[in-house]
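Subject: Structure handover

Hello,

Here is the structure I said I would pass on. Please have it open while you read the notes below it.

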Amino acid sequence: MNVKVIRLSSGEDVVASVLETKEDSIVIENAIVAIPAGGGQLGFAPYAPLLHKDKKELEINTKWVIYIADVNDELVEQYEEMFSPIKTPSKKLILL
């Protein structure tokens, strides 16, 4: 997955898997948006909750995009756990 954070001119931080970058738009899937959860914590909600449940891709015009950047490793891991059909074990080692 090519997980990125996309800052929109509306102020939203969208975390999504970028599928394609076109001249005037980007195509993303499984988009979530960061929302304040109280106590200095962040929660996540679907970016487009009214989208048809089988529709996972969105195309966003780049005129609304402020920047696209890499997200921290912990968030990438959580994101992949939420959307990956394959469950991977945690990276903790078992010592005997």
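Which residues of helix α1 are buried? This is a predicted model, and in it L75, V76 and Y79 are the buried ones in α1, a helix that runs over residues 73–83. The three lie on the same side of α1, because they cover an arc of only 100° around its axis. D73 and E74 are on the other side of the helix, and these two are exposed.

What covers the buried residues of α1? The cover includes four strands: β1 (3–8), β2 (13–21), β3 (25–38) and β4 (41–46). The N-terminal end of the helix has a cap, N72. A side-chain oxygen of N72 lies 3.2 Å from the backbone nitrogen of E74.

Now the chain as a whole. There are 6 strands and 1 helix in the protein chain, and along the sequence they follow the pattern β-β-β-β-β-β-α. The chain has 96 residues, of which 28% count as buried. Its accessible surface comes to about 7200 Å², and carbon and sulfur atoms hold 54% of that. Among contacts with a separation of 6 or more, 50% are between residues 24 or more positions apart.

Next, the interior. In soluble globular proteins, nonpolar side chains tend to be buried together. The largest nonpolar core here consists of 11 residues: I6, L8, V14, A16, V18, I26, I28, A31, L58, I60 and V65. Two or more of these residues come from each of β1, β2, β3 and β5 (57–61). Apart from this core lies another one, of 8 residues, which include V3, V15, L75 and V76. L75 and V76 are also among the buried residues of α1.

I6 sits in strand β1. Why does I6 count as buried? Its relative accessibility is 0%, and the cut-off for buried is under 20%. Leaving out residues up to four places away in sequence, I6 touches E12, D13, V14, V18, I26, I28, V65, Y67 and I68. From I6 to A16 is 10 residues in sequence and 7.7 Å in space, C-alpha to C-alpha.

Regards

Key:
Residues are numbered from 1 along each chain as its sequence is written. This is a predicted model: local features need pLDDT of at least 70, side-chain atom pairs count only at pLDDT 80 or more; totals for chains, interfaces and linings use all residues. Side-chain values use heavy atoms; hydrogens and water are left out. Buried means under 20% relative accessible area, exposed over 50%, partly exposed in between (1.4 Å probe, protein chains only). The arc is that of the directions from the helix axis to the C-beta atoms. Contact means heavy atoms within 4.5 Å. A polar contact is a pair of N or O atoms within 3.5 Å; within protein, one must be able to donate a hydrogen and the other to accept it, and residues adjacent in sequence count only if both atoms are side-chain atoms. A nonpolar core is a set of buried Ala, Val, Leu, Ile, Met, Phe, Trp, Tyr and Cys residues joined through side-chain atoms within 4.5 Å. Accessible areas come from the Shrake-Rupley method with a 1.4 Å probe; for residues, only the protein chains shown count as cover.
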